[in-house]
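Please consider the sequence and the structure shown below. The paragraphs that follow lead from the strands to individual side chains.

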Amino acid sequence: MVRYDYECPTCGLIKEEMHSMNESPVYYCPRCRENGSEVRLERQFSLGAGFIIRGGTEASHWKEKRVRMERRKDLGVKQIERYGSGQRIQPNVAGVEVDSWSDAAKMAKEAGLNADTYQPMIDKEKRTSKVSGIDDLKWKSAKEEKNM
């Protein structure tokens, strides 16, 4: 809705009206009508913006927020199902690639290196599905968050 100013050419009355930009309504001067004459008001160019911007209600904001939260929960599960649990790092010991992190830990022990640093990756390897590459712990936590 746009606010327009209309002025009577006879008596100089200025009246403010609101209507769509696509409309071109005809308004008559109320003062001149009382005196018995039909005088059309002329639309004036106003300096103000003329637009009325209205915000939503508290209920609509709450509903939008709830919908966004639901989408975000679904997105977490979908991303884990689609892309897996993250970046896949190939296990290696001193530049020699091996098949699994547990093999890398064994090889490091044999070479006299510290094998304790491999433990987090061994635990993750145990939780990760061999077929899909999804970390079960991450997938379950995202699924529980979605169901809350």
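**Strands, salt bridges and a buried histidine**

Strand β1 (residues 2–7) and β3 run antiparallel and are joined by three bridges. Strands here are DSSP runs of E with at least two residues, helices are runs of H or I with at least four residues, and both are numbered from the N terminus. Within this pairing, D5 stands opposite Q44 in β3.

The model is predicted, so local features need pLDDT of at least 70 and side-chain atom pairs count only at pLDDT 80 or more, whereas totals for chains, interfaces and linings use all residues. Residues are numbered from 1 along each chain as its sequence is written, and side-chain values use heavy atoms, with hydrogens and water left out.

The chain holds five helices and five strands, which follow one another from the N terminus as β-β-α-β-α-β-β-α-α-α. Three of the strands form an open sheet in the order β2-β1-β3, with antiparallel pairing; two strands pair if DSSP finds at least two bridges between them. Because β2 and β3 (42–44) stand at the edges with a single partner strand each, one side of each has no neighbour in the sheet. In general, strands of a sheet pair through backbone hydrogen bonds, either parallel or antiparallel.

Three salt bridges are counted, a salt bridge being a side-chain nitrogen of Lys or Arg within 4 Å of a carboxyl oxygen of Asp or Glu. One of them joins the side chains of E16 and R3 at 3.5 Å, N to O. This pair links strand β2, which holds E16, to strand β1, which holds R3, across 13 residues. Another joins K15 and E17 at 3.3 Å, N to O. E17 is buried at 17% relative accessible area, while K15 is partly exposed at 28%; buried means under 20%, exposed over 50%, and partly exposed in between (1.4 Å probe, protein chains only). In the salt bridge of E38 with R33, the closest N and O atoms are 3.2 Å apart. Here E38 is exposed at 52% and R33 is partly exposed at 45%.

Beyond its neighbours within four places in sequence, H19 is in contact (heavy atoms within 4.5 Å) with residues including M1, Y4, P25 and R43.
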